[in-house]
Amino acid sequence: MTGEFLHFAFNDEQEMMRDTVRRFLAAACPETLVRSVLEGRTAFAAELWRGMAELGLLGITIAEEQGGAGMGAVEQCILAEEMGRVLAPVPSVSTLYLAPELLRMAGSEEQQAKWLPPIAAGEMVCAIATIDVADNPCVVAGGKLSGQKMLVADAMLADLIIVEADGSLYIADCRGAEVRAAAGNRA
């Protein structure tokens, strides 16, 4: 059996997107900004986040009718690569990648219509909570979600947390809700 070399190249639109994102991030995310977040002087690069929203990057895979750019996985990877290049200190994994995908896969049409547009607009930060605290696991009783999760990336910033409990996913709206994120990364 002989193998063939698989050639992969971005198309012209993807190359243009990569160049645009690279130039934007190079200008908007200097090393001093990264250090400010890493040293705890600020929680995340909010101005960079807003700029990314203005460019349509926060809804890169969210459908256009839901306020996103309607692009695919390749463009999502281009964005990830360019954010990694500058160590962009933004809540990208949960908000850009995981939450939109979980909402598309498991959310109702109403939930998608409610949550995907503000995610795409950069109006909210998301977190995903899956790992229970052994002595206080998340459960649902009487329509109320209770318990603790640990290792929840971006929990302290989150406006919305998608929580796994009892084998299902639940949406916790953290804006004014009885959801608390504590140091030690528990939600």
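This is a short tour of the structure above, stop by stop.

Before you start, note that the model is predicted: local features need pLDDT of at least 70 and side-chain atom pairs count only at pLDDT 80 or more, while totals for chains, interfaces and linings use all residues. Residues are numbered from 1 along each chain as its sequence is written, and side-chain values use heavy atoms, with hydrogens and water left out.

**The whole chain**

Begin with everything shown as a cartoon. You will find 6 helices and 7 strands; helices (H or I, at least four residues) and strands (E, at least two) are DSSP runs, numbered from the N terminus. Along the sequence the pattern reads α-α-α-α-α-α-β-β-β-β-β-β-β. The C-alpha atoms fill a box of roughly 55 × 45 × 40 Å, taken along the principal axes. Of the 187 residues, 39% are buried, meaning under 20% relative accessible area with a 1.4 Å probe and protein chains only.

**Helices 4 and 5**

Next, select residues 73-86 for helix 4 and residues 92-106 for helix 5. Their axes lie 12 Å apart and pack at an angle of about 170°. Here axes are lines fitted to C-alpha atoms over the stretch in contact, and angles run from 0 to 180 degrees between N-to-C directions. The two helices are therefore roughly antiparallel, a label for angles over 145 degrees.

Now show side chains: Gln 76, Leu 79, Ala 80 and Met 83 in helix 4 meet Ser 92, Leu 96 and Tyr 97 in helix 5, where contact means heavy atoms within 4.5 Å. The residues of this contact divide into 5 nonpolar, 2 polar and no charged. Nonpolar covers Ala, Val, Leu, Ile, Met, Phe, Trp, Tyr, Cys and Pro; charged covers Asp, Glu, Lys and Arg; the others, Gly among them, are polar.

Move on to residues 126-129, strand 1. Ile 128 has Ile 162 as its bridge partner in strand 6.

**An aromatic pair**

Finish with Phe 44 and Trp 49. A search of the whole structure finds 1 aromatic pair. The ring centres of Phe 44 and Trp 49 are 6.2 Å apart and the planes are at 85°, so the pair is edge-to-face. Rings of Phe, Tyr and Trp (its six-membered ring) pair with centres within 6.5 Å, and planes over 60 degrees apart count as edge-to-face. Phe 44 is buried at 17% relative accessibility, and Trp 49 is buried at 3%.

Conventions
Angles under 35 degrees count as roughly parallel, over 145 as roughly antiparallel, 65 to 115 as roughly perpendicular and the rest as oblique. Buried means under 20% relative accessible area, exposed over 50%, partly exposed in between (1.4 Å probe, protein chains only). Two strands pair if DSSP finds at least two bridges between them. Rings of Phe, Tyr and Trp (its six-membered ring) pair if their centres lie within 6.5 Å; planes under 30 degrees apart count as stacked, over 60 as edge-to-face and the rest as tilted.
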